[in-house]
Amino acid sequence: MSKIIYLKDYFKQKDGPLENKIVVGSDIRPAQAVNLAYNNRSLQVVTGGFDEQKVVKIKSQLKKFMKAPHEYIFGEDSSDKSFQQKFFKNSKKEDFLHQVSLFLKAKEFRKVREDIYLMADELFTNFAKSAGEDVKSMKFGIECCGGEVLVYCKDNFGHLKPQMMVENIYRCYENGVKNSIRHDVKGGAGIGSYLMYSLSSGMVLAVRPECESMVVMWMPLGEFHEDRVDMNKSLIIIEGEE
């Protein structure tokens, strides 16, 4: 059973490690959420009015969540507008992004269009890079429900390393984006995870090891870039099923 801890009570009692717990706070700032996740493996930080019971359900039904994340995040069985695109390790990113840009021309994406395009670019690059030659395909999707939009990417090999992504985000908050840019042997700058997190109002990093991985982000359609960057963000990290 998932244990829910309210952050104000934890600071008073210091009741053991937070690892693999659901930590709830009404005003956990973005950098603080990342700091908590960086120092406590497989942690779920819930803030900004997001319902912690949704996280309990996601953790207990991870396989089902990965099939329809919007149903768990938004609590809706169907989307107002939906886009899915499969791609492969050797797919052309230009063709993939062209299809994404066509979908994003709809007027409801006016305030989030550029940021979703950036997320799509980053997700394609990272998932294609980590895929083995024998991987069948990966799936990118966008779901709109009641004034919010959800963006996700999923693979079928389960090699996502959430703690590495959290470390990259943490480094950007600690050192600043400019000082955190690095180029590893695979050519990654190391700031993409931070950019995706900062543009969203919530992020899920989930992996069923050797089975499937998923990155999910959501945000309100009516908020501009600058407003979302400063918005409190839930950060939900799940490594393995309960």
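Which residues of H10 are buried? The legends below take up this question and then move on to the sheet of this predicted model.

**View 1. Helix H10 and its covered residues.** Helix H10 spans residues 192-199 and is mostly covered, with seven of its eight residues buried. The buried residues are Gly-192, Ser-193, Tyr-194, Met-196, Tyr-197, Ser-198 and Leu-199.

**View 2. The crossing of helices H7 and H10.** Two packed helices are described by the angle between their axes and by the distance between those axes. Helix H7 covers residues 113-130, and its axis comes within 10 Å of the axis of H10, the two crossing at roughly 145°. The crossing of H7 and H10 is left-handed. On the H7 side the residues that meet H10 are Asp-115, Leu-118, Met-119, Glu-122 and Leu-123, while on the H10 side they are Gly-192, Ser-193, Leu-195, Met-196 and Leu-199. Sorted by class, this contact of H7 with H10 holds six nonpolar, two polar and two charged residues.

View 3. Nine strands form an open sheet with mixed pairing, and their order is E1-E2-E3-E9-E7-E8-E6-E5-E4. Strand E1 (4-6) and strand E4 (81-87) are the edge strands, each of which pairs on one side only. On average, and with direction ignored, neighbouring strands of this sheet are turned by 15° against each other. Helix H3, made of residues 52-60, packs on the sheet and touches E1, strand E2 (22-24), strand E3 (44-46) and strand E9 (234-239), and its direction makes about 170° with that of E2. Helix H8, made of residues 162-175, also packs on the sheet, where it touches E7, E8 and E9, and its direction makes about 150° with that of E7.

View 4. Strand E6 (residues 148-155) is mostly covered, since seven of its eight residues are buried. Strand E5 (residues 138-145) pairs with E6 in the antiparallel sense over seven bridges, and here Gly-141 stands opposite Tyr-152 of E6. The hairpin of E5 and E6 has two residues between the strands, and in this hairpin Gly-146 takes a positive phi near 50°. E6 also runs antiparallel to E8, to which eight bridges join it, and the bridge partner of Tyr-152 in E8 is Val-216.

**View 5. Val-216 in strand E8.** Val-216 lies in strand E8 and counts as buried because its relative accessible area is 0%, where the cut-off for buried is under 20%. Although Val-216 and Cys-153 are 63 residues apart along the chain, their C-alpha atoms are separated by 6.7 Å. Leaving out residues up to four places away in sequence, Val-216 touches Phe-65, Pro-69, Leu-150, Val-151, Tyr-152, Gly-202, Met-203 and Val-204.

**View 6. Strand E7 and its residue Arg-208.** E7 pairs with strand E8 (residues 212-220) in the antiparallel sense over seven bridges, and Gly-202 has Trp-218 as its bridge partner in E8. Arg-208 lies in strand E7, which spans residues 202-208. Is Arg-208 buried or exposed? Arg-208 is buried, because its relative accessible area is 12% and the cut-off for buried is under 20%. The side chain of Arg-208 makes a polar contact of 2.6 Å with the side chain of Glu-212. Apart from neighbours within four places in sequence, Arg-208 is in contact with Leu-62, Lys-63, Met-66, Gly-158 and Glu-241.

Key
Residues are numbered from 1 along each chain as its sequence is written. This is a predicted model: local features need pLDDT of at least 70, side-chain atom pairs count only at pLDDT 80 or more; totals for chains, interfaces and linings use all residues. Side-chain values use heavy atoms; hydrogens and water are left out. Buried means under 20% relative accessible area, exposed over 50%, partly exposed in between (1.4 Å probe, protein chains only). Helices (H or I, at least four residues) and strands (E, at least two) are DSSP runs, numbered from the N terminus. A polar contact is a pair of N or O atoms within 3.5 Å; within protein, one must be able to donate a hydrogen and the other to accept it, and residues adjacent in sequence count only if both atoms are side-chain atoms. Contact means heavy atoms within 4.5 Å. Axes are lines fitted to C-alpha atoms, for helices over the stretch in contact, and angles run from 0 to 180 degrees between N-to-C directions. A crossing is left-handed if the near helix is turned anticlockwise from the far one by less than a right angle, and right-handed if clockwise. Ala, Val, Leu, Ile, Met, Phe, Trp, Tyr, Cys and Pro count as nonpolar, Asp, Glu, Lys and Arg as charged, and the others, Gly among them, as polar. Two strands pair if DSSP finds at least two bridges between them.
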